[in-house]
Amino acid sequence: MANEKVSEFYAAVCAEHQIKINPDIVEMLEKTTVTEKVTLKLTGNNRLRRIQRLDDKDVLVLSKCLRNNKCVTGLDVGYNNITDEGVVHLADLLQEDDSALLSLDLMFNNIQTDGAKVLADSLQCNSTLLSLRLSGNKIENRGAMHLASMLQVNNTLKELELAACDLATQSVIAFAIVLKSNTTLRSVDISRPLLFSHQEEWAVHFSEMLAVNSSLVELHLGKMGMTDTGMERLTEGLRLNRSLRYLDLRCNRVTRDGVRHLAEVLKRNQTLEIIDLSANRIEDEGARYLSEAVAWPGCVLRELSVSSNNIRTDGLLSLSRALKVNKSLSHIYIWGNHLEEPVCQAVRELIASGRLPPEQTDVSPYEVDGRVFLAEVFHSVRRHCYTTNSSDPLTDHAASPDSASPPHTESHQLVPLQPC
């Protein structure tokens, strides 16, 4: 198939299986004749034009077309109508001896427990896939347990996303246990599980994992229902960790007491660069704890989000003063707090002086009748900074502020990949 257009082969396979041709797939496959490595982007959430969403039959044909194809190294089929049946076809593709796929994005499809098991079984013998994104699929506890078991065998996968997959306490703890011995995974997202226990056992296990894991650099623990007790347990492991650079704790129940423990870690930790605390409730006193840590000599924090934390003037002004002392903190996000005029003036001064670039915060100052106000700008803390889409996901400790992975675009397009 080296000299044959993939789109023509796709039409032939559709005819063989009596499957209706999807014009969006044809359009994308026509562009795969280029020699560079590409990600085939066939997401189904385009608001700008009408898209024919992929189903299991489309995946069957697509998987046959991608066999022996060394050009397509990434497949993004998020936001479609793929079920467990479609996953079987993708698993067959992953089990090929010469599979070229490095990344597979199946976010927000209709994959359930059986589909997760099929994927887990295929990845036990796969040695090429680096990134698997399953967020938004209801694989539930049993499906997650299959994936956790797979990680005991697979030594290739570097990124795993399982946010909003209805994980339970058992599977969350299973991932923590597996990560104690797995030395390959660099980024894990298990945000928004379904945890009904108030004892936060998972935090104890993740703390123990962080104390011994030396490979994980990005950890997403949003919407875990974490309280100050859970934060205290987690920071016990963070004190001993020397690899984690990105910690996502958004949408939890952390207050000033929990942030006090995190601030103490930041004073001594030499690797944590990005922390997302948005949508918690740290208030003024919590902001002062963070300000003290940011101003502490040797703090390496580069991005901090405290959006929607009920912080008032005193706490926000302490953060602005800390910014003047700390030269490494380049991004800060504060929208959703109490932005009174003294705060507005302080932010305007930071931006006007060049200390805080306008594109690295989520507010923009403006003046009306001699008074300064702040407007919201739709910037937020970067996601997936240290994953397979980064220029050097494993060793780039000082990634450029503008090197963020592109957001989940809502159109069909080809995205060039960096060579491995």
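This is a predicted model: local features need pLDDT of at least 70, side-chain atom pairs count only at pLDDT 80 or more; totals for chains, interfaces and linings use all residues.
N68 sits in the loop that runs between helix 3 (56-66) and strand 2 (72-76). Most residues other than glycine have a negative phi. N68 isn't a glycine, yet its phi is positive, about 65°. Its relative accessibility is 56%, so N68 counts as exposed.

Further along the chain there's another case. R192 has a phi near 55°, again a positive value in a residue other than glycine. You'll find R192 in the loop between strand 6 (187-189) and helix 8 (201-212). With a relative accessible area of 25%, R192 is partly exposed.

Now for the helix packing. Take helix 4 (residues 84-94) and helix 5 (residues 113-123): their axes come within 9 Å and cross at roughly 5°. Angles under 35 degrees count as roughly parallel, and helix 4 and helix 5 are therefore roughly parallel to each other. Helix 4 brings D84, V87, V88, A91 and L94 to the contact, while helix 5 supplies D114, G115, V118, L119, S122 and L123. Sorted by class, that contact has 7 nonpolar, 2 polar and 2 charged residues.

The other pair is helix 12 (residues 313-325) with helix 13 (residues 341-352), packed at an angle of about 15° with axes 9 Å apart. That angle makes helix 12 roughly parallel to helix 13, and their crossing is left-handed.

Key
Residues are numbered from 1 along each chain as its sequence is written. Side-chain values use heavy atoms; hydrogens and water are left out. Axes are lines fitted to C-alpha atoms, for helices over the stretch in contact, and angles run from 0 to 180 degrees between N-to-C directions. Helices (H or I, at least four residues) and strands (E, at least two) are DSSP runs, numbered from the N terminus. Angles under 35 degrees count as roughly parallel, over 145 as roughly antiparallel, 65 to 115 as roughly perpendicular and the rest as oblique. Contact means heavy atoms within 4.5 Å. Ala, Val, Leu, Ile, Met, Phe, Trp, Tyr, Cys and Pro count as nonpolar, Asp, Glu, Lys and Arg as charged, and the others, Gly among them, as polar. A crossing is left-handed if the near helix is turned anticlockwise from the far one by less than a right angle, and right-handed if clockwise. Buried means under 20% relative accessible area, exposed over 50%, partly exposed in between (1.4 Å probe, protein chains only).
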